[in-house]
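Dear colleague,

I am handing over the structure below, and I would be grateful if you could look through it before reading on.

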Amino acid sequence: METKHYNVFVIGSGIAGQTAAKACIASGLSVVISDKREFGGTCATRGCDPKKILMQFADLVQHSNQLKGFGIKKSPKINWKAVQKFKTSFTKPVPSSTENDLTDLGIDLYHQSPKFISKNEITVEGKTISADKFVIATGYVPRTLKLEGSDLLKTSDDILNLKKIPKSAIFIGSGYVGMEFCYMLSTLGCEVTMIEVGDSPLTQFDSFLVEKLTKVLEKNGVKFMFNTTPISIEKLKKNLKLTYEKGGKTKTIKARKIFNTAGRVPAVEKLDLENAGIKADESGVLVNDFMQSISNEKVYACGDVSSKSLPLTPLSGLQGYIAGHNIINGNAKEFENALVPSVVFTKPQLASVGYSEEEAKSRYKNVIVYKGDTSDWYSSKKENADAYSYKIIVNERTQKIVGANLLSSQANETINILTLAMNEGLTICDFKKQIFTYPSYTNDLKSMLKDED
């Protein structure tokens with residue numbers, strides 16, 4: 001069988017893969033993209049974008065619940081079927097429009113997960129293809145839970161496509177995806193239980209604010225079960241039964257749906273990387289600062305699947321650009337860890353950027369910690385919000401912000417203001433000289449920097 005050859009073979013059609021491919025085709029290289037799922041990637045079709053569309057309806061209900069008795073007589077009823085139709089109007093066009101755009105650029109497309117058969121060859125759709133360079137941009141997949149009956153578990157994809165809100169649900173894993181969806185379903189009337197093997201949720205975020213968010217979700221009806229190990233799942237007539245171990249005792253709990261939200265892992269299992277000498281571990285494909293594989297110079301990896309990334313769309317695009325640039329120009333551009341804010345889209349939202357308090361104290365000789373509960377401030381009281389808090393970390397020597405954590409209904413936006421201040425190297429004095437709209441959550445940021453903890 002004849003081997004077809006391209007200059008660049010890209011695996012994955014999300015933001016990272018598309019960015020690298022478009023750069024290469026624009027420079028006159030021959031490019032092909034392969035994806036085992038619909039083209040467009042996770043964020044646009046089954047991740048960030050559809051999630052936020054659904055989440056806003058839970059936010060509407062939650063906000064109405066907060067204002068009951070203050071002008072709101074009753075919370076709105078949500079037509080979930082109409083909500084799903086609205087969401088689909090965004091996601092359905094993505095695959096075909098993505099394929100059309102890529103085809104129009106002269107990029108060839110394959111619809112299957114390829115497998116490496118050598119350092120410069122890959123097999124896909126029954127064809128053998130060689131390439132000068134490869135870009136792995138396959139993203140993440142849900143972590144496999146080794147439980148008896150694990151085939152009964154549903155994932156975030158299933159949550160996004162629910163035909164109706166279930167009467168009850170169990171989540172296994174309290175990372176940001178689990179916390180977001182347990183908030184959404186509980187707000188929309190589902191009886192929710194969160195199972196977590198550790199002793200707290202959202203371990204990558206500040207514990208001071210996480211504790212407050214957890215209490216809000218408990219008030220919302222979420223039952224948290226920490227230090228709990230799931231053992232098996234059994235299908236009943238209407239429900240699923242989860243057997244678990246807690247405190248040395250084995251017990252069971254029932255629900256209509258059980259979701260695996262125990263995290264996601266780099267999607268490399270089906271690529272047969274070993275055939276191409278590509279090293280990878282639990283962090284993803286091991287790459288250097290040029291986004292190039294440390295063990296196969298023909299290979300680059302970018303986005304979630306690379307060892308230097310976080311599961312954030314803006315970072316994927318940046319790494320895709322760097323990978324494409326280096327394929328075209330030789331390794332001329334290095335990836336530097338960008339200051340990227342992250343958000344848990346519950347209500348209130350939990351946002352973070354920069355160093356944690358512990359990281360800052362280990363890095364700098366002296367730090368100042370501005371920390372407080374601001375639930376009695378105007379911004380919070382006008383919404384009758386359940387929680388509003390912050391923790392901002394400053395390098396005492398330079399008086400510059402090195403880390404920030406916010407918990408509020410507008411944290412996803414206000415964290416960007418602090419990110420900008422950090423990127424521009426503003427001192428506390430510089431920042432407090434800024435004039436912002438009033439009253440606003442942004443203006444509150446200046447008041448947060450008055451009293452240190």
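A residue is called buried here when its relative accessible area is under 20%, exposed when it is over 50%, and partly exposed in between, with a 1.4 Å probe and protein chains only. By that rule Tyr390, at 5% relative accessibility, counts as buried, whereas Trp377, with a relative accessible area of 23%, is partly exposed.

Please keep in mind that this is a predicted model, in which local features need pLDDT of at least 70 and side-chain atom pairs count only at pLDDT 80 or more, while totals for chains, interfaces and linings use all residues. Residues are numbered from 1 along each chain as its sequence is written, and side-chain values use heavy atoms, with hydrogens and water left out.

Aromatic pairs

The structure holds ten aromatic pairs, a pair being two rings of Phe, Tyr or Trp (its six-membered ring) with centres within 6.5 Å, where planes under 30 degrees apart count as stacked, over 60 as edge-to-face and the rest as tilted. The rings of Phe171 and Phe259 have centres 5.2 Å apart and planes at 35°, so this pair is tilted. It links distant parts of the chain, since Phe171 is in strand E8 (residues 168–172) and Phe259 in strand E14 (residues 257–260), 88 residues apart; helices (H or I, at least four residues) and strands (E, at least two) are DSSP runs numbered from the N terminus. Phe171 is buried, with a relative accessible area of 0%, and Phe259 is also buried, at 0% relative accessibility.

The pair of Trp377 and Tyr390 is tilted too, with ring centres 6.4 Å apart and planes at 40°. Trp377 sits in the loop between strand E21 (367–373) and helix H11 (378–381), and Tyr390 in strand E22 (residues 389–395). Together with Tyr388 and Tyr441, these two residues form one aromatic cluster.

Nonpolar cores

A nonpolar core is a set of buried Ala, Val, Leu, Ile, Met, Phe, Trp, Tyr and Cys residues joined through side-chain atoms within 4.5 Å. The largest one has 46 residues, of which Phe9, Phe116, Ile136 and Val285 touch the most other members. Among the elements that each supply at least two residues of this core are strand E1 (4–11), helix H1 (15–26) and helix H9 (313–329). Apart from it lies another core, of 38 residues, including Phe181 and Leu217.

Lys87 is found in helix H4 (residues 80–91). A polar atom of the Lys87 side chain does, however, lie 2.8 Å from the backbone oxygen of Leu160.

Glu357 lies in helix H10 (residues 357–363) and counts as buried at 15% relative accessibility. Its side chain makes polar contacts with the side chains of Lys361 (2.8 Å) and Lys391 (2.7 Å); a polar contact is a pair of N or O atoms within 3.5 Å, where within protein one must be able to donate a hydrogen and the other to accept it, and residues adjacent in sequence count only if both atoms are side-chain atoms.

With kind regards
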